[in-house]
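Hi,

Here is the structure I promised to pass on.

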Amino acid sequence: MQKVLGQDIKDPEERKQFLLDNADRVEQIDYHKSFDSDELSQKKTDFANKSIRIAALEEDIKDFKDKVGLELKPLREETKQLLDDIKAKGRMVNEKCYLFLDEEERMVGYYNAEGILVQSRPATREELQKTVFAEIRHAANE
């Protein structure tokens, strides 16, 4: 078979009519049609431009994720701390507390700055020995 038909006819409409008049049948089929050099060059240029744009957008996405990540990290840490506080229904703190000795009950109580008993324990033998402060407090209470 010949590689080309009707190439000597320059007008595309006349060539199409020639092929229609001389064909045994006309069918709709799928086939691979090669691009001419200008079309291929244009597609390569479009591909390069779009690839550059994609790379720039992906860099913007990375920068945005980094920025959001910096904002998100402290929020995650705070919510973790809040969740731990909710689970524990409180939080361990380290603050000055005031020790009071109850000689009658032989107990020691620790009070925070708000005057709330935060811890108590049995008094040791040394703590039950009288001190100058205990004598003054005892005298003031009488």
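Below is what turned up, starting with the ground rules.

This is a predicted model, where local features need pLDDT of at least 70, side-chain atom pairs count only at pLDDT 80 or more, and totals for chains, interfaces and linings use all residues. Numbering runs from 1 along each chain as its sequence is written, and side-chain values use heavy atoms, with hydrogens and water left out.

Take Asn112 to begin with. Asn112 sits in the loop between strand 2 (107-111) and strand 3 (117-122); strands are DSSP runs of E, at least two residues, numbered from the N terminus. With a relative accessible area of 10%, Asn112 is buried (buried is under 20%, exposed over 50%, partly exposed in between, using a 1.4 Å probe and protein chains only). Its side chain reaches the backbone nitrogen of Ile116 at 3.0 Å. Setting aside neighbours within four places in sequence, Asn112 is in contact (heavy atoms within 4.5 Å) with Glu95, Lys96, Cys97, Tyr98 and Val118.

Then the rings: the whole structure has 1 aromatic pair (Phe, Tyr or Trp rings, the six-membered one for Trp, with centres within 6.5 Å; planes under 30 degrees apart are stacked, over 60 edge-to-face, the rest tilted). Phe100 and Tyr111 make up this edge-to-face pair, at 5.5 Å centre to centre and 85 degrees between the planes. The pair links distant parts of the chain, with Phe100 in strand 1 (residues 98-102) and Tyr111 in strand 2, 11 residues apart. Phe100 is partly exposed at 41% relative accessibility, and Tyr111 is partly exposed at 29%.

Cheers

Technical notes:
Helices (H or I, at least four residues) and strands (E, at least two) are DSSP runs, numbered from the N terminus. A polar contact is a pair of N or O atoms within 3.5 Å; within protein, one must be able to donate a hydrogen and the other to accept it, and residues adjacent in sequence count only if both atoms are side-chain atoms.
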